[in-house]
Every structure is written in structure tokens, then in C-alpha cells.
Amino acid sequence: MSKLWRTMLRNPGGVIGFTILLLAIAIALFGPLLFPTSPWRMVQRPFLPPFTVPGLPLGTDALGRDVLAGIIYGARVSLLVGLVSTMAALAVGIPVGALAGYFGGKIGDALMRFTEFFQTVPSFALAIVLVAILQPSIVSIVLAIAIVSWPPVARLVRGEVLSLRTREYVQAAVVTGQSHSWIIWREILPNALSPVIVLASLMVATAILLESSLSFLGLGDPNLMSWGYMVGAGRTVIRQAWWITLFPGIAILLSVLALNLIGEGLNDALNPRLNKEGR
Amino acid sequence: MLAFIAQRLAKAVVVLLAIVAFNFTLIRMAPGDPAMVMAGEAGASDQIFVTQLREKFGLDQPLPVQLYRYVKGIVTLDLGFSFRQQMPVAKLIAERLPATLLLTVTAFVISLLLGILFGTLAARFAGTWADTAITILALIFYATPLFWVALMAILLFSVSMDWLPSFGYETVGANYTGFAHVLDVGAHLILPATTMGLFFMATYARMTRASMLEVKRHDFVKTARAKGLRDAVIQRRHVLRNALLPVVTLAGLQAGTLVGGAVLTETVFAWPGIGRLMYEALLQRDYNLLLGVFVVCSAMVLAFNLITDLIYRAVDPRIEFAS
Amino acid sequence: MSATPVVSIKNLKLALPSGSDRPHAVDGVSFDLVPGKILCVVGESGSGKSMCAHALMGLLPDTIIREAGEIGYDGQNLLTLDDAGWLALRGRHIAMVFQEPMTALNPLMRIGDQIAEMFEAHNLLAPRQRKQKALQLLREVGLPEPERSVRAYPHQLSGGQRQRAMIAMALALEPTVLVADEPTTALDVTTQAQILELIRDLQRRRNMAVMFITHDFGVVSDIADRVVVLQHGKVVEQGPADDVLRRPQHTYTRALLAAVPSMQPPPRAPLADRAKAVEVIGLDKTYVSGGGWFQAERRVRAANEVNFDILQGETVGLVGESGSGKSSVARLVMRLIEPDQGTVRLGDADFTRIAGRALRKERSRIQMIFQDPFASLNPRRKVGNIIADGPIAHGTTPVVAHKRATELLGLVGLNASAMERYPHEFSGGQRQRIGIARALALEPEIIVADEAVSALDVSVQAQVLNLLEDLKARLGLSMLFITHDLRVAAQICDRIAVMQRGAIVELKPTAALFSAPEHPYTRELLAAVPGQISSSRAA
């Protein structure tokens, strides 16, 4: 693992990504301590431009709420939704993919048809429908994002398992009389993990984008301040107050960018070209 | 080839039926008793009316019968009735569909052409400032929320500079005809199509670049060099053609994302397409309309997948058709 | 040497990028190419032989620094040639044939177009004439149905046909020099013989100078006029083929030649009155692919009524070309794949009728050694665990299993410190030893070796073969030895079964098979083995 870190740190994009992400995590964890007042509270008169009133560096929105406070509280929602929905998607996708790839046959076929079905359905439209029907809340949002994002995991894991299953060292394990679970856990999954880790980091980024898009359309959790909601709320007044939409958007952009950079860094570190000069 | 198309069409129909069935379950999951909701939407809620509605829409029948009726309805292009808008869902969608097709196809073509162009340039000049600039820009657009780019584009090109219209499909009340109308729609199309295309352009540029660098290391590129072919010919004929295969695959996989992008773009630009319709249905909690749009979106994605599949088979001779 | 050389390489020195295992890929290499003669450049992997070829084609990677020396061609030094000069030279005057004909052809272009490109690159002929010429060339290299092949895509041709197309392409502009980089290594032995014949024939007819790179001394003796032996980027010996092969001066050349297994099977004591260790009865397996609603089914018969047995302490060889089904039979015997029909008996027990836990338990009786030393060990597990995992699964305590693993490492000639290391820290030969130790850890009665030495250099191959032979005798094992290499089979097998299209066409004691082959296919295989003239010469 230390070697992984060193390779990561040699990649400038990865370093930038990690720095931004750590900053975002710190803000999400400790920011609310610095801004104890609710981000929903009116603190000043509406439409205060940024850098005009001390204590409100990013100005106020159409209802006189502090834009900076909103961004700080929004970090929690974005990161939490991104992380939890990715975990949920992995929890579904990895077993489905592993079983389909390892056992194949009719069960594998059925599992893959199921996966393909979910991959064919337009994901964002499905997420909208699900959240609308289940009523917007943090739980329904996480659920909807997880439901639309597990199929790529299953497909990736299945592909990896399919190719690893015919690898000679896996056959050697079969031949020495190992059980199926031992072979899946010890021989196959550890070697299939690298691309899954890379995909997971990109999925967190996509989940953040999805959450913000849902909130933008008014499908966010009504009790939680989120970046997408802020952009959506500022949309109608964009001609008078550009800052209300600009700053939350930058927050989304930076966190998604950071996660993509980390994903690329991980990809370079975890999947170096396998040395082919062996022969 | 025909057999292949038939096979894929059959598969698409099966998937579509599955989506319809899935849709039916979603409708049943929608909050409230459907009859009550319908009555509410129609503005009346006395018990007799609700019972009448129940009978009229077969809601008193067992679920399998309801599912059968629903599927049968959809096969005959009956997507239900929107009580809020007092119109059949299918009619509402049919009115809005052309605008969405215009927008998505334009955005798709722009993004594919420019994405491949920039990706090729980046790969060609890998390691130079041009590559770095394209790579960084692609990374940024890849990470930018679509709805926000759209708003920023309005702010910049419409509000600050007043270059382009930011609202709607055509100038309201202008009643242009002929070529003037085309120009007017074109002017309205530029901002939505470009902002929507940016994300996809970034995706295709990244994929093209990576894929070209990968193909470059193949042995057949060395063979081409050993022939004494000029580098430009090698890049175009040997590297690019092979590198585009995964880009086509990706474009197919992204059909769903394209439709999702249409919802956001149309909402921001008030583009009168089915994406905007979906947003309106959301605001009014008009579930029949919402799910109708969803089914149509799914059908669009299926059609798009079918087309990319056909293109892929046409480009790659290694995939053989059944004779 | 009467003729004047067309290419004269003098003191060529190519530096590897820093951080490589040695400073120079090629260090002070000199040799000449003469019209009408074939020069073989021989060496094991990493000897720098391919670098010489790439330098001559101007296709060296940018990371390789041309440090010193000169490549003289037609009065100019190619090392100082500019890009335009190379474009005019490549293909037109010096052409190249690569090792892997599948990857060396563009999968999306028709064969004819790829050949026509040769003329286009040098602005010769009109487009229609180019097509005509392509057809003519395909005919000349003996491609069946040239009219069809010219419109075919690479994947529609067999390996040998693809290599013929590559050669047609290389010869299109009648170059004076042909560089062939292991052009037959990826091919089956009978195909190899045909391609070698073709190259020799064309070279004579066109009076070309050929630089032929190979690792196989059999091929050298069949085709070479002169030989250059490379080791670690240096020329250790060069001279006329007869001299180098018959009277090698350098110890390395001698060692390489000695490591080539002879076609003469050593005398073997007859194995009478032994019980059967393995009995294979009527094994059948057909692979069905495709077959959907609208797709035609494709059926490949991998095993067709396969019958044979292995006596205790006996080694039975299974030889055949790629696709003959020999590996499938090995996997059927191991129960890595399930047969459609037939029985495998281990001693008295039916190995095909058991399943689940019972099968896992029985598996310890028959173990396997795999082909690819780089793919047969889990890269994320320590060598000690790799060996001990099997016995632990069968109930041995970890402490005992690890102690036993250490002993096994000693047995296969590795240090006990290997226990705590990961597979990537070992060379190919060492990894193969680890694979052997893993197979022995369960104390099996039978070993199935699937092309166990095919991926190794000849000198390493000889060591591993000796180890296998020695262990087999000491532990009283029976062995099923799968190989495509008849020379290896001759050295290690008591009896040999020849497979073709899933069926055993001939099964005989080794000496009898070599001296009196009956089946036409066996004869064809034996005749195709390269270097038979030299082995009798060298003897």
C-alpha cells in the first residue's frame, strides 16, 4: 500500500485531487462547527453581492441566506450521498458480477440479462422517476443513485472474473482441491479489485453530479441544504444575482474534478502496464 | 445483416416490454390511491366519482389484468391520460418529441465530431502543451454539472453579451417563415446544444486520446511504418480507424446519459421538448405523464443503442453476421 | 565470401534507458548481409537480436540511444539517415516480416488493401494495378484461393496463411534485404516447415539478402548460410552455418547446442507387469459456441473417443499441433472441464463420477503443472502460501504444511528464502520450479504437465526437464506430458500418443513411433521438425 501512495504522489493530478478532496472532507466535518447557524436562516437582506459585507464573503441569496454557509453544509450532503450510494452500488454490483462471472451458465445469464436491463434504462430519467415516486429524501436519493449505478460494477466485475477464472493459477487452485468460496475470495477477487477501486472513485464523482442534478430539479431532501438546490434556487434570479448560482456550481465542479483526478491517479498506480518483456 | 437487425429488434422489443412492466410497478408504487389521486387531479373527490374512475380505468381488477391492459394500451400507443393537462399523455409527448430529437441529435453530432477531433489532436501531439491544454479542458468539462454550465453560458452569452437567445425554441410572436424560421430556430439551438454537448465532447476526446495512444503500440502500426508509409497516413488509416471502435461503444453506452442531459438542458433553456415536459410533470406531480415520458425516453435509448450496434458491426469485420 | 555485402553493420552499440538490467541492448555487434545468403541471428530472450533487426529497419523505440557504430547500406550510414530517407528506404529496399502475423496485420483492412498499400507508400502503379499485383503476389506465396484471400480480413485466415500474406507484402517491391524477426515462432511445426521452405525458395529466386532472427537451432540448421550467436547483446561467435553448428568454438554456443533435445529417443527400460495408474476410456468433448435465435452454431470436437492408459511410473506423451485437442484432454483428465462422455479412472477409482467434497478430496491424487510460468502463480500470494495452500485445504496443519513447502523448495532447487517472496521476484524457470513444488505438495500419484517447458529458453528448458525426470523417478510418479515439441517428447516419454482434430491417431512406444511411424499425420509431423539434418551432422 505504501508503494501505491508513492506512485500516487508522483502523479500531479492525483496530488491535486487528494488535496481538494481532503479540504472538502474537512469542510464537511468541521465547517458546521464554524457556522453553527442553520444555512436556511435569513441573516441579512437579500441579494447582497459577494465581498460587500464583512462576515458574508459570498453574499446572500434571494431570501437573505448566507451563500457560504449553504456551500459548507452542502458539502456534507454531496460527499455523504456520493459515498453511501457508491457503497450500496458496490454491495449489489460486486456479488452479482462475481457470481455471474464465476458460475456462468443459466444463473449467470439471468443475472446479466437483469444487469443489462438496468443498464439500458436511461439512468438519470429512472433516478428522477424513483425519487419522485418515493418522495424526495436523503434515503430515496441514495437508493435511486445506487439503483442506477450498480450495473457498470457488475459488468466490470463479471468481465474480470471471467478472465481470471481461466487463469492458470485459478485452475491450479481448483486442481489442488480448494472450495469455490476460497477460490473466489483468495484467488479471484483480490486480483479483480484494482479496476473496481478505480471505478468506485469515478462513481462517487458521478453520484455527486447525479445528486446535484436531482436537487437542481427540486428533488433534493427538503431538510438538507445542497449545492444543486442552491443552483436551482438561484436560477430564476440569475440576471440580478449571478453569485448565487456561480459559487455552488464551482463547489460541485471542484469535488467532482478532484474525484476524477484521484480515479486517474489510482488507475495509473494500480494498473501499470504489466511487464510484457518477460518473453 | 437482416437477420442481425431482426435479432436486435426482437431483443429491443423484449427489453421495452420489460421496461413497460417495470413502469407499471412504479405507477403502483406512486403515492396515494391512483383513483383518489386522479380524482384530486381532476379537481373533484366525492366517493361516487372515485368509484367511477376505478371502474373506468380497471383499477378494481386484479393486478395481472391491470398489467395486461396497461401493456396493451402502450402497444397501441396509449400512454394514459394527464389530468393536470387534460390531454392524453401520448399526444403531449408527440408534440414535444421533435424538439428533443433536434436538440439531442445536434448535441450528439457536435460532441462526437469535436470530441474525436480534439482527442486525435491530443494523441497526435501527446506530451506537448496542446495535449496538456486539451486534457485539462476535457477533465474540467467532464466534471462540470450540465445545468450549471448551461446557466453560466446564459450569463455569459445572453445576459452579458446579448449574442444569443437563451430561452425557448423560437422567437415568440415573430412568426418567421421559411429560411428565416430555420435561422431563428438555429440561433435558439446554439446555446442548448453546445452546452449539452460539452460534457460528451470531453468524454469522447478523452476516450479517443487514450484509445489512439493504445492502438499506436500495436504491431500493425509497426508494419505500416516498415512499409515506408507517411506518418499522416498511418495515423489516419491505421491508428484512428482502430481507435474509434471503443469510442462507438462508449457513444452507445451513453445514450441514457444523453437523454438525462436533455432533461436538464431543456429545463434551463425552456426548450419545449419532452425533457422540459418531464420537469413540468415533476413540478405538478403528474405521475402518468412522468412515467409516460420515462417509457418514451427508454425507447429512444433502445433505438440509439440499436443504431450504434449497427454502426459497430459495419465498421468491425471481426464481428460476423449469421449467414 | 565472394559476394560483396549489401548491408554492413559495424560495431553497433545501442544503449538502453537508465534503470534497465544492463547498460547496452546491443554492444559492439558487427556482421554483414550478403545477396543470396541467409544470415541467422540466434540468441535466447533478451540477447538483443530483435534490437538489431529494428535498428536495420529504423524502427528502434525513441528510448534506445544509438551510441556508436554504423549500418552501411548503399554507401550511406543508416544510423544518420533522416526521416525522408527512411520513408524511401523502408519497404522498398529493406522489408520486414514480424513474429505474430495476427497482430502485425491491421484487423480492419482487407489483405489485398494492406499489400496494395506497399505500392501506394512509394507512389508506384495505379490503384487498379496495385490490386492486380497484390493478387499475383498472393499467388506467388502459395496462398490457397488467392482471389478470395485478397478480399479477406486477417481474422479469416489461418496463422500460416497470414504469415504468407505478410511475406507477400514484404516482397511486393522486390527489396534487396529481407529482415525476418522470428517469423515462424508463432506457427505450428508443419506450417513452420512450409514457411521456411517458402522463405528459402523466394530468397534464392530473388537473390535477396536475408537476416533471419530466431531462438531455435533447429530452424538455424535448416535455413542458415551464416550464423551469428548473440548473448547479452554481444556476438560470441559467428561464421558459416556448418562451422558454428558442427564445430562450435564458444562455450555458450556449445551449451545452447547441447541443450537442444535430440530426435533420438534414449533407450528406456520396458515397463512390464505394472498396474494402470490412469485409464482413459472413450472420452468425448464437443464445444458448442454461438447458437442463438438467429446465429449458426459452431461445433469444435476437442476430444473424440479418446482412449489411453498410463502405467505406474510411466510417462505418456500427448503430442499434436495447436487445436488438436491435447490440452483439452489434459483438462478433461484433471476434471477442469467436464466430458460429454467417457470415464477417467485413477487406479481403481472412477474419477469422473464423483463431485463436490469427494471430488476435492480425490484431486490430491492427480496434480498439474501449467504452461505459462507468469500466469500460473497468483501474483498476490507468497510462494510459501502458494505451495502450502493445497495441503492445508486437505487438512494438514499450517505449520506442517509450511515446513513441508520449505523442503519442497529445496527439492526443486530453490532456496528456503523463497517462501516469503512473491512470484514476480522470480525468473521464468524458477517460477516453473515453484509450480512443480506446488504440484508435488499434495503427494500425488500422477502429474499432468501441460506444455510445462514450452515457454522457457532452451537452456532453462533442459534443466526443468531434467528436474521433472529426476523427481518422477525418485517419487515413483506417473506422468501425462502434453507438448507440441516432438524433440522434448522424444527425451521424456515412454509412450507417445499423436493427436489430430481431437482424436488419437497413433499411440506407440517412443522409439517405435520415431523409427516406424504408421499414420500419415505422424509422418508429416516428424518430417516437419526442424534441424534434423544437423542433429545427425552434430552427432
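**A walk through chains A, B and C**

In this predicted model, 24 residues of chain B are in contact with 27 residues of chain C. Start on the chain B side. Three elements of chain B give two or more residues each to the side that touches chain C: helix H1 (2-29), helix H9 (219-226) and helix H10 (231-253). H9(B) gives the most, with six residues. Now sort that side of chain B by class. It has nine nonpolar, seven polar and eight charged residues.

Chain B also touches chain A. Here 31 residues of chain A are in contact with 38 residues of chain B. Look at the chain A side. By class, the side of chain A that touches chain B divides into 20 nonpolar, nine polar and two charged residues.

A UniProt annotation from an unreviewed entry, "domain: ABC transmembrane type-1", covers residues 97-312 of chain B. What is the make-up of the chain over residues 97-312 of chain B? The stretch is 83% helix and 0% strand. Its end C-alpha atoms are 27 Å apart. H9(B) and H10(B), two of the helices that supply the side touching chain C, span residues 219-226 and 231-253.

Next, turn to chain C. It has 20 helices and 20 strands. Along its principal axes, the C-alpha trace of chain C spans about 75 × 55 × 45 Å. Buried residues make up 48% of the 539 residues in chain C. Now consider contacts in chain C between residues at least 6 apart in sequence. Of these, 70% join residues at least 24 apart.

How is chain C divided? Domain 1 takes residues 35-48 + 84-258, and domain 2 takes residues 276-526. The centres of the two domains of chain C, taken over C-alpha atoms, are separated by 34 Å. The contact takes seven residues from domain 1 of chain C and eight residues from domain 2 of chain C. On the domain 1 side, helix H7 (189-206) and helix H10 (251-259) of chain C each supply at least two residues. By class, this side of domain 1 has three nonpolar, two polar and two charged residues.

Finally, find a sheet in chain C. Strands of a sheet pair through backbone hydrogen bonds, either parallel or antiparallel. This sheet of chain C is open and has four strands, in the order E2-E1-E4-E5, with antiparallel pairing. Which strands of chain C are the edge strands? They are strand E2 (24-33) and strand E5 (76-77) of chain C, and each pairs on one side only. Follow one pair along its length. Strand E1 (residues 7-15) of chain C pairs with E2(C) in the antiparallel sense over seven bridges. Within this sheet, C:Ile9 stands opposite C:Phe31 in E2(C).

Methods. Residues numbered from 1 in each chain as written. Chains lettered and ligands numbered in written order. Predicted model: local features only at pLDDT ≥ 70, side-chain atom pairs only at ≥ 80, totals over all residues. Domains from an automatic or database assignment. Contact = placed C-beta atoms within 7 Å. Nonpolar A, V, L, I, M, F, W, Y, C, P; charged D, E, K, R; others polar. Pairing = 2+ DSSP bridges. Buried ≥ 20, exposed ≤ 12 C-beta atoms within 10 Å, placed from the backbone. UniProt positions renumbered as here; feature names shortened; annotations may be inferred.
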